[in-house]
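Have a look at the model first.

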Amino acid sequence: MATTGPKTSGRILSIQSHVSYGYVGGKAAVFPLQCLGYDVDVVNTVNFSNHSGYGRFGGSRATAEELSNIFSIMEQNELLVPERLLTGYVPGAEATAAVTGLAKRLRERKPDLIYLLDPVLGDSGRLYVSPEVVPIYQAALPLATIITPNWFEVEVLTGITITNGQSLRQAMKTLHETYQVPHVVISSIPLKSWLKDLLPTHLRPPSDTSDSDYLACIASSREGDLVHAQCFPCIPGYFSGVGDLFSALVVGHFPAATFQSQETAADGETPLSRAVSHALSKTHAMLVLTHEAALALPEEERLATDEELDAREPMRKIRRMRGRELRLIQGQDIIRGTQPIEYRQLQPWTDFWTA
């Protein structure tokens, strides 16, 4: 089915990384948002040749002074007028503080600002940023409408290691109550055995599949204690920019305050779960398209990862990374909702807080 989502328009300020080649950061977010009908104002926090996964990359990182100067001139020229704000990777504590300062001013000026904060801290147990950045993000959380951390970032922000249902609920409660975040979305969660057992039966993947074949997505709204979830097939291989695309689609599909109602629709959807369902469906379809295109490349452009060989011959890894760049242009009909795809609707997890 086609997944068009609600009619969208307005202006979004996107503050995140930029690469000349490929699709990560703003390059994975701006075009999709424009496809959804938004005007997008762009502030680049880094300007790199390509993403760091290539192994060889170069460019510059914006300083706090440079970012503040851009914000100041935009404000003086009355160009800082977004209805929505999207922030992603920011290099360093001072630059992150500058972006947080802007978010605070925009929130004070426009209380109904829709702000999606993607707290890019790290993944798989490793920080991408200096530890000094963590408390700055923690201070920024109350400014956000929606946050889209990965599993590791939830643990870093809350200080809670998630190993079972109790710790998962405690982490979510900390984000909602201590940090006052209205909406929390955690995507691409490894489906560990305890999480699979915790999920209601109707949300679990088929019993004849391996846990590693699926990932989970959880969306939680503070108002009404509403939690939704869904499992989806894992696409093999390493892809960059997936979280950036997903976050852009979430903020793009989230309805404006005028159209928000936390009442659950007849189909079980809420404004958050509907936005996340559209984002998840389109992101997964884009990954399938990208994976299929990568498989069709010549063999020398899809060689398996081998750290020793990759170190000896850098182009070996570079060709592999190049072949796995998101096919955003080829898949733009997916984003626009004019190409039929499977709608992966998040389902209510009614006993999340009591299980």
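Predicted model: local features only at pLDDT ≥ 70, side-chain atom pairs only at ≥ 80, totals over all residues.

**Cavities and the helices around them**

The largest cavity holds about 40 Å³ of space. Which element gives the most to its lining? That is H3, with three residues. If you want to find the place on your screen, look for Thr87, Gly88, Val90, Thr96, Val99, Thr100, Tyr115, Leu117, Tyr137 and Ala140, which line this cavity. Sorted by class, that lining has six nonpolar residues, four polar ones and no charged ones.

Now to the second largest cavity, with about 30 Å³ of space. Its lining is made by Gln16, Ala29, Leu86, Thr87, Gly88, Asp118, Asp244 and Ser247. Strand E4 (84-87) and helix H8 (242-253) each bring at least two residues to that lining. By class, we find two nonpolar, four polar and two charged residues here.

Let's go back to the helices. Two packed helices are described by the angle between their axes and the distance between the axes. For H3 and H4, the angle is about 10° and the axes are 9 Å apart. An angle under 35 degrees counts as roughly parallel, so H3 and H4 are roughly parallel to each other. Where do they touch? Ala93, Thr96, Ala97 and Thr100 in H3 meet Val133, Ile136, Tyr137 and Ala140 in H4. That contact has six nonpolar, two polar and no charged residues.

H3 has another partner, helix H2 (residues 64-76): the two axes come within 8 Å and cross at roughly 25°. That makes H2 roughly parallel to H3 as well. On the H2 side of the contact we have Ala64, Leu67, Ser68, Phe71 and Glu75, and they meet Glu94, Ala95, Ala98, Val99, Leu102, Arg105 and Arg109 in H3. By class, this contact splits into seven nonpolar, one polar and four charged residues.

One last item, from the records. An unreviewed UniProt entry lists residues 98-191 as "domain: Pyridoxamine kinase/Phosphomethylpyrimidine kinase". Over that stretch the chain is 45% helix and 19% strand, and its end C-alpha atoms lie 36 Å apart.

That's my tour, and I'm happy to go back to any of it.

Terms used:
Residues numbered from 1 in each chain as written. Heavy atoms only, no water. 1 Å grid on protein atoms, 1.4 Å probe; cavity = no way out; pocket = protein on both sides within 12 Å on 5 of 7 lines; lining within 4 Å. Points joined across faces, edges and corners; volume = space filled by probe spheres on them. Helix = DSSP H or I, 4+ residues; strand = E, 2+ residues; numbered from the N terminus. Nonpolar A, V, L, I, M, F, W, Y, C, P; charged D, E, K, R; others polar. UniProt positions renumbered as here; feature names shortened; annotations may be inferred. Axes fitted to C-alpha atoms, helices over the stretch in contact; angles between N-to-C directions. Parallel < 35°, antiparallel > 145°, perpendicular 65-115°, else oblique. Contact = heavy atoms within 4.5 Å.
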